[in-house]
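Biologist: I am new to this structure and would like to learn how to read its features one at a time. Where shall we begin?

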Amino acid sequence: MALIQKKQKTARRSCRGEKYIDDDDDYGKDRLSELPDEILIPILSLLTLREAVSSGILSQRWRNLWTYISTLNFDPVANKIETKSCFFNPSTAKSRRKYVNWVNNVLAQYKGGHNLEEFGVCFDLARTSPSHVNNWFEYAMSKNIKHLEFNFLKSPLGNPYSDLTNLSRLYFFRILGSRKSCDPAMNLNSMFVGFQSLKSLSLKFINVSCEAIEYFLYNCPLLERLSVHGSSRLYNLRIIGPSIMLRHLEIVRCFNIQTIEICDTNLVSFTYSRDSGLRSTMEWPNRILIKNSPLLVEVLIGAGTLTFAQHMILKLSCFIHQLQILELTLYHHQPERKMSSYMLPILRNLKQLKLIVFLGGIEHCLLGFVAMLKNFPYLETFVLQLERRNEVTPLAKGSRKKPLPSIRYPHEFLKVVKMIGFNDFSVDCDFLMQIIENAIALEKIIIDTSEGHQMGGNWLKRAVAGRTRAEQLKSLVPPNLEFIVL
């Protein structure tokens, strides 16, 4: 029988003009391991660190391959390492020691060369770990690092990592000898090769100063992306000069910042968020100056309230005419009484709008967000992402407000609408029907019921009900409109 099958296989190959090769002796061979390191190592670099290390059990050939990967991301969540929630538990000394030992053990085994693509640290580190952090920083920068992230999280009971009140103290100011001797424009590339390749830098929950930020900007000639979260020592940020290659700037939860000055730059996107809708207006930046940045077309604002969103956009009026992409995070805990409360400044060049709205009640009308589109006459894509609290309760009878009137603002250019967190509440359905009625050029609606709520219990039932309701709405939309339910 085997001989017959072999002859049939030969005949088939002959018909196709192929030469038959007897590969019966190769059955069961590990062809993958025969690939050169130049192919295997980039493949392993696409995996998480834990997955790459686990590949060593495949064979002797694979045992040490992971030590040459180009990405070292020490994020316990991404690596699916089971840890008790140190983010919420202030008593985490044991967890911190385990994390520090994990990082140190990996670095001790790492054999990669001097071209590390990515290095990331993500953990709620204690004040007792500055020497380890310093060593990690030095190690990453000595490897010609391109993408560097230090994320020390933040415990609700604590402050950002106070031993890093100035990141510069840990390394590069130590090289200079003292803070006073630091000239941001001084070029140290000849002393520290790591600065020459750095393309993105993310510092989260580190009290990094403006001087340290300026130092990186002037001494990292390829730096394109800068992200700073949770620094209470960031007061006056200045990014000035076409020589700075920065393209993307993100400032989040830096509540003490007073001025932001961006002039003569190549910036493409700017993100500013205070990450809270309940903080006072005294914490808004007193001055935001952005001028002569012709490439800046994308702005993301964690506004909190509609009033703050209006305030922030007005502060950006000097370049508002060139804005094409806008994302706003809003806290919609109380429905507005007037449609005018939803109106933002007119943005004639805006093409994409995304609203992330945190709702405080199931009866909060969403029609105001339809009215908002009136001031964006050339908008093409609109995304509304609804985030509902774990326990959403109806409004009390005494506080119940009249719903906003139906919208009559025909929109001629809106083509794609996506609604994330759709549920079977009447306000969600009313929003969709108003969009369909007013967007006369609408081509596609995407309904995503998988996000925007907590899965489990009643919310799981709500998600199922939301999907069912979305499927029912298909019969009410025009036949030429593409209606997708996810």
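Biologist: What average pLDDT does the protein chain have?

Modeller: The term pLDDT is the predictor's confidence in each residue, from 0 to 100. The protein chain averages 77, and 72% of the residues score at least 70. Over residues 18-23 the pLDDT is below 50, and that stretch has 7 contacts in the model beyond near neighbours in sequence. Residues 155-182 are also below 50 in pLDDT, with 71 contacts beyond near neighbours in sequence. A contact means heavy atoms within 4.5 Å. Where pLDDT is low, the predicted coordinates should not be read in detail.

Biologist: How many helices and strands does the protein chain have?

Modeller: Both are DSSP runs numbered from the N terminus: helices are H or I with at least four residues, strands are E with at least two. The protein chain has 12 helices and 17 strands. Of its 486 residues, 48% count as buried. Among contacts between residues at least 6 apart in sequence, 74% join residues at least 24 apart.

Biologist: How many salt bridges does the structure hold?

Modeller: A salt bridge is a side-chain nitrogen of Lys or Arg within 4 Å of a carboxyl oxygen of Asp or Glu. The structure holds 4 salt bridges. One of them joins E117 and K146, with the closest N and O atoms 3.6 Å apart. This pair links distant parts of the chain, 29 residues apart: E117 is in the loop between α4 (93-109) and β2 (118-122), and K146 is in the loop between α5 (130-142) and β3 (147-151).

Biologist: Which residue forms a salt bridge with E149?

Modeller: That residue is K204, and the closest N and O atoms are 3.7 Å apart. K204 lies in strand β4 (residues 200-204) and E149 in strand β3, so this pair too connects distant parts of the chain, 55 residues apart. E149 is partly exposed, with a relative accessible area of 28%.

Biologist: What is the count of disulfides?

Modeller: A disulfide is a covalent bond between the sulfur atoms of two cysteines. The rule here asks for a pair of cysteine sulfur atoms within 2.5 Å. The count comes to 0 disulfides. For C263, the closest cysteine sulfur is in C318, 8.4 Å away, which is too far for a bond. C263 is buried, with a relative accessible area of 3%, whereas C318 is partly exposed at 40%.

Biologist: Which residues of helix α9 are buried?

Modeller: Helix α9 (residues 306-315) has L306, F308, A309, M312 and I313 as its buried residues. Seen down the axis of α9, these fall within an arc of 155 degrees, so they line one face of the helix. That arc is taken from the directions from the helix axis to the C-beta atoms. On the other side of α9, T307 and L314 are exposed. The cover over the buried residues of α9 includes β9 (269-273), β10 (287-291), β11 (298-304) and β12 (325-332).

Biologist: Where is V297 placed, and which residues does V297 touch?

Modeller: V297 is in the loop between β10 and β11. Not counting residues up to four places away in sequence, V297 touches V268, Q322, L323, Q324 and I325. Between V297 and L326 the C-alpha distance is 8.5 Å, although they are 29 residues apart in sequence.

Biologist: Is Y99 buried or exposed?

Modeller: Y99 counts as buried, at 3% relative accessibility, and lies in helix α4. Beyond its neighbours within four places in sequence, Y99 is in contact with F74, P76, V121, C122, F123, L125 and W136. One of these, F74, is 25 residues from Y99 in sequence and 8.7 Å from it in space, C-alpha to C-alpha.

Key
Residues numbered from 1 in each chain as written. Predicted model: local features only at pLDDT ≥ 70, side-chain atom pairs only at ≥ 80, totals over all residues. Heavy atoms only, no water. Buried < 20%, exposed > 50% of the residue type's maximum accessible area, 1.4 Å probe, protein only.
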